[in-house]
Amino acid sequence: MCKGKRIGLVLLLVLTMVAPLFGAGQAEPGVVTIRYANFSAGEHNAETLRKMVDLFMAKNPNIKVELESMGYGDNYWTSLITRIAGGDAPDAFELNMEQFLAFTLRGSNRPLDELFTKTGMSKNVFGEGLLDAVSFNGKVMAIPQSFSTVVLIYNKALFDQAKTPYPTADWTWDDALEAAKKITALGKDIWGAYNPIQFWEFYKVVQQNGGGLMTADGKQFTINSPQNIETLQYMLDRVWKHHVMPTREEQANRPEGDMFVDGKLGMWLNGVWAFTDLKDRVTFPWGIEMEPGNLSKATHFFGNVGCISTTTKHPEETFKFLTFMATDPDVVQLRLDAQWELPTVGDPTVMERYLADTPPDNKIAVLNSLQYAVKPPALLQFSELTNIVNTKIELARDGELTAKDALDQAQAEATEKIKL
Amino acid sequence: MYIGGTRQKRIALIVFLAPAIFSLVLFYILPIASSLVLSLLEYDPLRPASDIKFVGLKNFIEYFKYQDMREQYLHVLYYLVLYIPLVLVTSTMEAVMLNRAFKAKTLYKVLLYLPVITSWVAVALIWRWLLHGEYGIINIFLRKFGIQGPSWLHNKLWAMPGVVMAAVWKDTGYYALIILAALKGIEHSYYEAARIDGASAFKQFRYVTLPLVSPTIFLLLVINVIAGFQVFESIYVMTEGGPAGATRVPVEQVYRNAFTYYKMGYASAIAWVLGIVIIIATIIQFRMEKLWVSYES
């Protein structure tokens, strides 16, 4: 091969390798491209998400949205964190409530109040309390995209068999325990209730008993307060003393959802996302009610929010996209049709459509639960706190530590390792 | 670096080595070097770069100070003490068996190698059932002998042996293949000589086979200690470090600190401590090598 040919060949090779670099990033003039990293659609709602985005692009021809969808389990967080750290943050990204606090505390997403003013978007479109849930230091930090609450799901057939009245909105721990005892007495492998013994459950249940993990000023932990010890004891007693809930051995790897569907669980706490599946699989009558409290009520609230990266070059377009995805009537309808959690708009007619869709009856409990929603503490080291407390609670669950020892140890370790 | 030969030869050498050196530098040397720098910083990946702080040895001091480090290394030692003897014995046995002539040998080879290429997620799924306290086949088997087996993965003491069993099952085929290659390399005349001298089958194994494969077993030991200290995948998918932290190991903590706690500096410090521990362990093994490894020539 002559020298000229050889050089030509090498050049060609190099060119084919670097050519893709120039291909990307080229767009039609006047069209802005924004990237949206998201996880909550997963496989199940990928099609619905696609339709929502297509709607947006049809109405906004000057904005092109590139979806970057990953499943929750596919290392979504790891990849998102790495990209933000590497300076390649997507313009918009979806977070759940727990990560929302972690990202906001670290300044990865920008405040949105200015964009509300600039674009003339009204804050009143959103359901009551939802913008408060995504506010931090008085600033709105995200657009709530969807939410769900956790309610008490119960098997009416088992309640009837046990001749026990159905749960009501003002039920307390004692009422629930009494009913659970009667249902458990119905037979072998029939259980009154299922409430997991872990950190997430604990931080909510302590608030039903007038406790909390920190003092009001956030300067000290109160993990081992008398109310909290009493609460953990109550959670443990359901398994070991009253035996209305299966031990891990008795549960034998069976998911709680399957136990409920099989008619083996009287009461089960779960989110509204379970309804679709229950509608398909459950053959007995079932109902829902607000979760029982003790001194007060406290419920879990889950939300997925859309954030705008601090580094985006197109904040206005991204804002337009995120608010469209949360509030556009057609998008909201798509979400309702897919039963993909709940839309965040305040429009009562939208909610009426949701409430009318039964079973279960009494869907108003889903919305009423929102009044008692508790937020996890806003802490830079929140994940570490979760791990510290959860490890000790698991030891108590398995009978290795008493409720008091577990929480004393958690308090000591949290105080040592976590800066407040 | 000195490279002999003509100029052309040297250029060719560099051209051929370049891709390997390039990826070595880019994917190994640079990350290792940057993790050393990171270990001296307080670096939260979600925060702006201006928040990065130099903290000297603070990450290392904290790691040494907390209870965690001691616990993690005890767990990893527990794993090593169980896993290494077991996997070496089973893979040697398997190799010796496969070294004989018998019917459908290829089929056995394939079957025994299958677990090696199975993904850990699938293995974990199966073994979680096998190890189930009530309905698991292992405990049902034990019950036949009147032994009440533990609830393996839910028990603080027995979770690690549970993981080890799954790991041994999965890895045996791989190491057996390496030992088998070593067995094939033993000249037949040694066995003939031993037989003429009246050595029994066991004595042949003990005084001919074992010494001659000892360099291979040594290699496997070194590899296994290194890999064992870095155990992660199996634990992550089988127990996630539980129950109640009973199977937390250093690499799991590296991952957790980096991507759950956003403490890249601290995670790097844990990784460096682990690296140093592994280097020390390997040096000790090489020092002990002459005590039991025999080389033919």
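Two strands are taken to pair if DSSP finds at least two bridges between them; helices (H or I, at least four residues) and strands (E, at least two) are DSSP runs, numbered from the N terminus. The structure is a predicted model, in which local features need pLDDT of at least 70, side-chain atom pairs count only at pLDDT 80 or more, and totals for chains, interfaces and linings use all residues. Residues are numbered from 1 along each chain as its sequence is written, while chains are lettered from A and ligands numbered from 1 in the order in which they are written.

**Strand S6 of chain A**

| Partner of S6(A) | Residues | Bridges | Direction |
|---|---|---|---|
| S10(A) | 301-308 | six | antiparallel |
| S11(A) | 342-343 | two | antiparallel |
| S8(A) | 265-271 | five | antiparallel |
| S9(A) | 286-289 | four | antiparallel |

Individual residues show where these partners lie. Pro144(A) stands opposite Val305(A) in S10(A), and Ser146(A) has Pro343(A) of S11(A) as its bridge partner. Tyr154(A) stands opposite Met267(A) in S8(A); the bridge partner of Tyr154(A) in S9(A) is Gly287(A).

**Helices H3 and H9 of chain B**

Helix H3(B), residues 67-98, packs against helix H9(B), residues 201-229, at an angle of about 150°, with the axes 10 Å apart. Axes are lines fitted to C-alpha atoms, for helices over the stretch in contact, and angles run from 0 to 180 degrees between N-to-C directions. The two helices are therefore roughly antiparallel, a term for angles over 145 degrees.

Residues are in contact if their C-beta atoms, placed from the backbone, lie within 7 Å. On the H3(B) side the meeting residues include Val76(B), Tyr79(B) and Leu80(B), and on the H9(B) side they include Ile217(B), Leu220(B) and Asn224(B). By class, this contact has 12 nonpolar, two polar and no charged residues. Here Ala, Val, Leu, Ile, Met, Phe, Trp, Tyr, Cys and Pro count as nonpolar, Asp, Glu, Lys and Arg as charged, and the others, Gly among them, as polar.

**Contact between the chains**

Between the chains, 21 residues of chain A are in contact with 19 residues of chain B. On the chain A side, the elements that give two or more residues are helix H3 (76-85), helix H11 (248-251) and helix H18 (382-397). The chain A residues of this side divide into seven nonpolar, seven polar and seven charged.

How values were computed: Angles under 35 degrees count as roughly parallel, over 145 as roughly antiparallel, 65 to 115 as roughly perpendicular and the rest as oblique. Two residues are in contact if their C-beta atoms, placed from the backbone, lie within 7 Å.
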